2 protein chains.
Amino acid sequence: MTGSLAIAGLGPGDAGLITPEVSAALAEATDVLGYSPYVARVPVREGLRLHPSDNRMELDRANEALKLAADGSKVVLVSSGDPGVFAMASAVFEALEAKPDYRDVVIRVLPGVTAMLAAAARAGAPLGHDFCAINLSDNLKPWELIEKRLRLAAEADFSIALYNPRSAGRPGGFERALEVLRGAGCGERLIIFAHAVTTPKERIETVRLNDARAEMADMATLVIIGNSATRRVGRWVYAPRRAS
Amino acid sequence: MTGSLAIAGLGPGDAGLITPEVSAALAEATDVLGYSPYVARVPVREGLRLHPSDNRMELDRANEALKLAADGSKVVLVSSGDPGVFAMASAVFEALEAKPDYRDVVIRVLPGVTAMLAAAARAGAPLGHDFCAINLSDNLKPWELIEKRLRLAAEADFSIALYNPRSAGRPGGFERALEVLRGAGCGERLIIFAHAVTTPKERIETVRLNDARAEMADMATLVIIGNSATRRVGRWVYAPRRAS
């Protein structure tokens, strides 16, 4: 018997941002896997097996999810935000590519509200014009590629969302990213630090990039750098629709 | 008496992708405004006034929403997808900037599942690595800026989501965008055409960019161009997490 695997996004934190589609998948699941803090957000009920795991175990977790589904379970693999944005969906397809045995597993990817959209909504509309999203973690790519992308994004005048700006294992990266952006002429741009967005610990702070300090971000922070036209109106920050 | 304005995203089409937060706002609203096809997705009930309007009326619609809220109504302004991504939120802040009288209106932006996330989920995980989003409409920006951004996005090896690739008023733009990307060395990249995603008319088609034709897209299509490592596994398309 072959089960199914739903790769689901729980949104940024607030239960009001979990889609009905994801809630329905969780209500029918026999097994839920994911990074511990995300599994802790799933409502407990009788008959539902929870399989929390550590960070950086993405490929092991993907393989376990596929194996459980191949053995007949109804599996939901949970990510924060959207599962396709710097989260578990790519890891599952990597695992699937390596294990042709699992090709018959019924897979669905269930989208969610990714952190940059929630952060943008709280700040105003800083992603209202063309933008890019860059993962600042250099665990899986060389730092030089990150710097190159930052420079090109500045040249393209994109608004820039930075995921995973800072962690204990990479203390200096975000500071270097700020330097690269200053060197690329972005010093006067607005930069938004959205910490723990949509949770009780939410904190939103906006400054000029020249005044930003690396300590303003941690791993629970989503950073958005405005484009050259991004501005304030009252307490809000937005990117005008028009550009020249 | 001052009312409130919620700028809300209805997601790409499927009711299962409307967040509970947005559904709650609609349940409490006295007035709903938006482009007609989006207002048509809002459940009708007694006492709810619907104000559908035409496309390209964004600033008028934003002003009307602010005026109704300032007069005491509980207004929800609806967009498809996420209201902050090429949608109504920026228009509201532009209107607010021009009319200081409305600064006391209580505004909330309610995020949603934007089209590229739903399209990516249906296709696999093509946005699993760094990416950008570009609106191909040149109504509010010069075409030269769009071409420049496409070239820089190709050089940065971003996956690229293209919103509004094609309309009756801009028949040639998407063809030129494909030419620019071929000229930038992206001919062998995968390109995904996600038409009317999550609706009964959904159709997903993936080809090499060299084999893409402009007619594969219309205004209901979200286009995603993979990065240089994006590949297929079975029926899925995904961006590997690792890059060199």
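**Salt bridges, the interface and a covered strand**

B:E202 counts as partly exposed, at 28% relative accessibility. This is a predicted model, so please keep that in mind throughout. B:E202 has a charged partner: its side chain meets that of B:R122 in a salt bridge, 2.9 Å from N to O. The pair ties together distant parts of the chain. B:R122 sits in helix α5 of chain B, residues 115-123, while B:E202 is in the loop between β9 and β10, and the two are 80 residues apart. B:R122 is partly exposed too, with a relative accessible area of 26%.

Now two pairs in chain A. A:D71 forms a salt bridge with A:K67, with the closest N and O atoms 3.0 Å apart. A:D71 is exposed at 54% relative accessible area, and A:K67 is partly exposed at 46%.

The second pair is A:R151 and A:E147, again a salt bridge, at 3.0 Å from N to O. Why are they separated by about one helical turn? Because they are four residues apart in helix α6 of chain A, residues 143-155.

Over all chains, the structure holds 22 salt bridges.

On to the interface. How many residues of each chain are in contact with the other? The count is 66 in chain A and 65 in chain B. Between them the chains bury about 5,800 Å², 61% of it on carbon and sulfur atoms. On the chain A side, A:L140, A:R149 and A:R241 lose the most area to chain B, together 14% of what that side buries.

There are eight salt bridges between chain A and chain B. One joins the side chains of A:R149 and B:D130, at 2.8 Å from N to O. By type, the chain A side divides into 37 nonpolar, eleven polar and 18 charged residues.

Back to helix α4 of chain A for a moment. Nine of its eleven residues are buried, so the helix is largely enclosed by the rest of the structure. Among the buried ones are A:M88, A:F93 and A:L96.

The two chains also pair through strands. Strand β7 of chain A and strand β7 of chain B, residues 131-135 in each, run antiparallel over three bridges. There, A:C132 has B:C132 as its bridge partner.

One residue in a loop deserves a look. A:T114 lies between β5 and α5 of chain A. Buried or exposed? A:T114 is buried, at 2% relative accessible area. Its side chain makes a polar contact of 2.6 Å with that of A:Y163. Beyond its sequence neighbours within four places, the contacts of A:T114 include A:D82, A:V85 and, from the other chain, B:L117.

Last, strand β9 of chain B, residues 190-195. Six of its six residues are buried. Both faces are covered, with B:L190, B:I192 and B:A194 on one side and B:I191, B:F193 and B:H195 on the other. β9 pairs antiparallel with β10 of chain B over six bridges, where B:I192 stands opposite B:T206. β9 also pairs antiparallel with β11 over five bridges, and here B:A194 stands opposite B:L222.

Conventions
Residues are numbered from 1 along each chain as its sequence is written. Chains are lettered from A and ligands numbered from 1 in the order in which they are written. This is a predicted model: local features need pLDDT of at least 70, side-chain atom pairs count only at pLDDT 80 or more; totals for chains, interfaces and linings use all residues. Side-chain values use heavy atoms; hydrogens and water are left out. Contact means heavy atoms within 4.5 Å. Buried area is the accessible area (1.4 Å probe) that two parts lose on being put together, summed over both. A salt bridge is a side-chain nitrogen of Lys or Arg within 4 Å of a carboxyl oxygen of Asp or Glu. Ala, Val, Leu, Ile, Met, Phe, Trp, Tyr, Cys and Pro count as nonpolar, Asp, Glu, Lys and Arg as charged, and the others, Gly among them, as polar. Two strands pair if DSSP finds at least two bridges between them. Buried means under 20% relative accessible area, exposed over 50%, partly exposed in between (1.4 Å probe, protein chains only). A polar contact is a pair of N or O atoms within 3.5 Å; within protein, one must be able to donate a hydrogen and the other to accept it, and residues adjacent in sequence count only if both atoms are side-chain atoms.
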